[in-house]
Amino acid sequence: MDDTLNYLREIFGTNIKTEYGKFYDAFPMYMMERYKFYFIKIPADDRAYVLVKPLKKQDININQLKKQMKQIYSYSESIPIFIFESLRLSQRNILVRNQIPFIQPDNQIYIPNVMIHLGQKEIIQKDYGDEFSIAAQVTYIYLLLNNIKETNAPRLAAEIPYSKITFNRALSELVSRKLLYTEGNATRKIYKTIDREELWKKGKEFLFNPVEKVFYATYNLCHEGLYISGESALARLGTSLNVPSTFFYATTSERIKSIDKNELVNKYDLVTENYLVIEQFKYNPSFLSASHYVDIISLYAQLKDSDDERIQIALEELLEENL
């Protein structure tokens, strides 16, 4: 929301009046869970406005937006202005035709009878979805763990066995998600990270659980190519969590294929706790870890949705220590 407010101050001046939380008790809970609201007063305009930022990416559905406008106005008696991080030219035009106020921070603004700035050309921006791609997650974790301030595809390809093309795509995705920014161009382009604390806060929302499949194996399985993961890693890395009786390990699909079928156990045949849980990762844990443990960020991605309060406390301890 700060980007939007700064953009409005550039347009209308610093005397634009803002108030966050004015409508906190006005809207029903389901609306508060979907949007962030911010009251504004524009100079030389007696009308009240409320900035409406969806907390999750939503499609441009005109009928739905019109319905939302009526609902928001009925609760706040203020004209809603929707905030969109990106807009296609066709989307922008249909919003204008239907007189739906909107702001795309630092690009364009449409508030009928007050301000219209529609100078953007057709820019097709890839929709990366709610989660990182595999290469982007690996790149993000690598940059964060090593506190790397600037990089490019050749540098990353020298450290992690992905191609330069793959890293260029991953870096572009991180720029689109506003976790990196660029300086220079062509072969001299450098990708720089935002502040480390912000990098973690913003980036963690896009982390996906790296576990693709789960297998069960006997205790005599060779541990080569296996990385301690899950609750086992949390407990053994010095947190307050007790070490579980069942051990969790992460590995690659190639390592899974190399396991003798006689060493794998059908989960329906498990009658004791004398087995190992082998998690097939979507990426190689060795790319991000120099020890026998899964890296802390991948570990967080594995367990962040756990309902166990002890696990959440242990995660916080480990993250505070490492980040």
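Leaving out its neighbours within four places in sequence, Ile256 is in contact (heavy atoms within 4.5 Å) with Phe215, Thr251, Ile278 and Gln280. Ile256 sits in helix 10, residues 253–258; helices here are DSSP runs of H or I with at least four residues, strands are E runs of at least two, and both are numbered from the N terminus. With a relative accessible area of 7%, Ile256 is buried, where buried means under 20% relative accessible area, exposed means over 50% and partly exposed lies in between, using a 1.4 Å probe and protein chains only. For a sense of distance, take Gln71, which is 185 residues from Ile256 along the chain: their C-alpha atoms are 53 Å apart.

Before going on, a word on what you're looking at. This is a predicted model, so local features need a pLDDT of at least 70, side-chain atom pairs count only at pLDDT 80 or more, and totals for chains, interfaces and linings use all residues. Residues are numbered from 1 along each chain as its sequence is written, and side-chain values use heavy atoms, with hydrogens and water left out.

Now back to one of the contacts of Ile256, namely Gln280. Gln280 belongs to strand 14. Is Gln280 buried or exposed? At 8% relative accessibility, it counts as buried. Setting aside residues up to four places away in sequence, Gln280 touches Pro210, Val211, Glu212, Lys213, Phe215, Thr251, Thr252, Ser253 and Ile256.

Six of its six residues are buried, so strand 14 is largely enclosed by the rest of the structure. Both of its faces are covered: Leu276, Ile278 and Gln280 are buried on one side, and Val277, Glu279 and Phe281 are buried on the other.

What sheet does strand 14 belong to? It is part of an open sheet of four strands, in the order 11-14-13-12, with mixed pairing. Strand 11 (211–217) and strand 12 (227–228) are the edge strands, each pairing on one side only. Two strands count as paired if DSSP finds at least two bridges between them.

Strand 13 (residues 247–251) pairs with strand 14 (residues 276–281) in the parallel sense, over five bridges. Here Phe247 stands opposite Leu276, and Phe248 stands opposite Val277. Strand 11 pairs with strand 14 in the antiparallel sense, over six bridges, and the bridge partner of Val214 is Glu279.

Another open sheet has three strands in the order 8-10-9, with antiparallel pairing. Strand 8 (150–151) and strand 9 (180–183) stand at its edges with a single partner strand each, so one side of each is left without a neighbour in the sheet. Strand 9 is joined to strand 10 (residues 190–193) by four bridges, and Tyr181 has Lys192 of strand 10 as its bridge partner.

Five of its seven residues are buried, so strand 2 is largely enclosed by the rest of the structure. Seven bridges link strand 2 to strand 3 (residues 48–54), and the two run antiparallel. In this pair, Tyr38 stands opposite Leu51 of strand 3.

Stepping back to the whole protein chain, you'll find 12 helices and 14 strands. The C-alpha atoms fill a box of roughly 75 × 50 × 35 Å along the principal axes. Of the 323 residues, 43% count as buried. Among contacts between residues at least 6 apart in sequence, 63% join residues at least 24 apart.

How far can you trust the coordinates? The pLDDT, which is the predictor's confidence in each residue from 0 to 100, averages 86 over the protein chain, and 91% of the residues score at least 70. Where pLDDT is low, the predicted coordinates should not be read in detail.
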